[in-house]
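Here are my notes on the fold you asked me to look over. Have the viewer open while you read, and work through the points in order.

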Amino acid sequence: MITRRSILKRLSTVPLLGGLVGGAAPLQSVLAAPVAAAPRNLAKELGIRTFINAAGTYTAMTGSLMHDEVLETIQGASKEFMMLDDVQTKVGEKIAALVHAESAVVTAGCFSAMTLGLAGVLTGMDQKKVEALPQLEGTGMKSEVIVQKGHNVGYSHALTNTGCKMVFVETVEEVEKAINEKTALMWFLHIQSDKGKIMHQEWVNLAKKHNIPTMIDIAADVPPVENLWKFHDMGFDLVCVSGGKAMRGPQSAGLLMGKKHLIDAARLSMPPRGSTIGRGMKVNKEEILGMYVAVEKFIKQDHQKEWQIWEDRVAHIADAVKKVNGVTTETFRPELGNHTPTLRIKWEPAKVNLTVKALQENLRNGDPSIEIVGEQGGISLTTWMLKPGQEKIVATRLKEELSKAAV
């Protein structure tokens, strides 16, 4: 039996031990030091399912996984007190410089960025107006936001939270007719840009002609990384983006970027201030600093190398499933949101007797659990949220399930 005494006796026969360890702690102290407890696995403890994410950066699937540098930043920031406004100001200056904007602020997600951005447009620096929102009547504030009908997919609720109403248009002529003394903002939803008749630059030009601020929502629309500054350069006054998707910052964080006077006004409706519509949209210092590190890392990373990794993973999965008779694949990249290599898998029902729902459930209920996206007549998946090596697991499981259903 090995005892502490026998360990000491054996070590005493090594004359150079002290020289090897240099200024290390005395041996007695090392042996007496408590062994660190293994971290708790709360997902397992609470019975929460974890899974391989081959679906994408969906909020329901908790977005993306934060980089180690972001987590280290969050942990370090948690050990010191700071003034919240000071953190926002300093971080905002750094982020703004990275994205070609006059100013920036970290928000509680992209949805929050839209609400706060419009609040700033409505109130300016008038504290009485800030406290009046969402009550607009009798305040002298404007009350209408113009948006293309094809861009109305629900996210505009972030704007109506301010008390404004949406005015829907389709043509340039309708925009001209809709503009009046109540018009506060012209809003553009990038992911739906192909569903509208007026494109980005023309939208901005129309707004500038009438001296109306513009806002664009690019929540899930990086990559490409250039989108972080493209719309500032184009002339949009405010740009809103999610922080916990491609940039892999905190899932609950986002960015409001743009003209300084509008960002300054938006911050009047943000914590730590009370009596505002944005009081509940709190972002802590850890998230703010973590978001800065995430943005910085995202911009500096080798995007071509990253893209090649994603393509190689997609190719590995496609090669595996195509070996099943009746299965076909297509690789594409969405041009607007979630712009990454994406694999679509379909199969002939006469050769593979399997429904899309059954395949999804079989993968979800397997070990490990896997999430994919169901489509009409097949499935699609992405690989940018996979950990290294997980593409092999996804390929194996898909091939297994499709092979078992082969007729």
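1. Ground rules first. Two strands count as paired if DSSP finds at least two bridges between them, and helices (H or I, at least four residues) and strands (E, at least two) are DSSP runs numbered from the N terminus. This is a predicted model, where local features need pLDDT of at least 70, side-chain atom pairs count only at pLDDT 80 or more, and totals for chains, interfaces and linings use all residues. Residues are numbered from 1 along each chain as its sequence is written, and side-chain values use heavy atoms, with hydrogens and water left out.

2. Start with the sheet. Seven strands make an open sheet with mixed pairing, in the order β2-β8-β7-β6-β5-β3-β4. Its edges are β2 and β4 (165–169), each of which pairs on one side only. Ignoring direction, neighbouring strands are turned by 25° against each other on average; axes here are lines fitted to C-alpha atoms, for helices over the stretch in contact, and angles run from 0 to 180 degrees between N-to-C directions.

3. Now look at β8 (residues 254–258). It is largely enclosed by the rest of the structure, because five of its five residues are buried (under 20% relative accessible area; exposed is over 50%, partly exposed in between; 1.4 Å probe, protein chains only). In a regular strand the side chains alternate between the two faces of the sheet. Here Gly-254, Leu-256 and Gly-258 point one way, while Leu-255 and Met-257 point the other.

4. What flanks β8? Strand β2 (residues 103–107) pairs with β8 in the antiparallel sense over five bridges, and Ser-103 sits opposite Gly-258. Strand β7 (residues 238–242) also runs antiparallel to β8, again joined by five bridges, with Cys-240 partnering Leu-256.

5. Elsewhere in the sheet, β5 (residues 183–189) and β6 (residues 214–217) run parallel, joined by four bridges. Phe-188 stands opposite Ile-216 in β6. Helix α11 (residues 200–209) lies across β3 (144–148), β4, β5 and β6, at about 175° to β5.

6. Leaving out residues up to four places away in sequence, Val-106 touches (heavy atoms within 4.5 Å) Gln-88, Val-91, Ile-95, Ala-253, Gly-254, Leu-255, Met-270, Val-283, Ile-288 and Met-291. The C-alpha atoms of Val-106 and Leu-256 are separated by 6.5 Å, although these residues are 150 residues apart along the chain.
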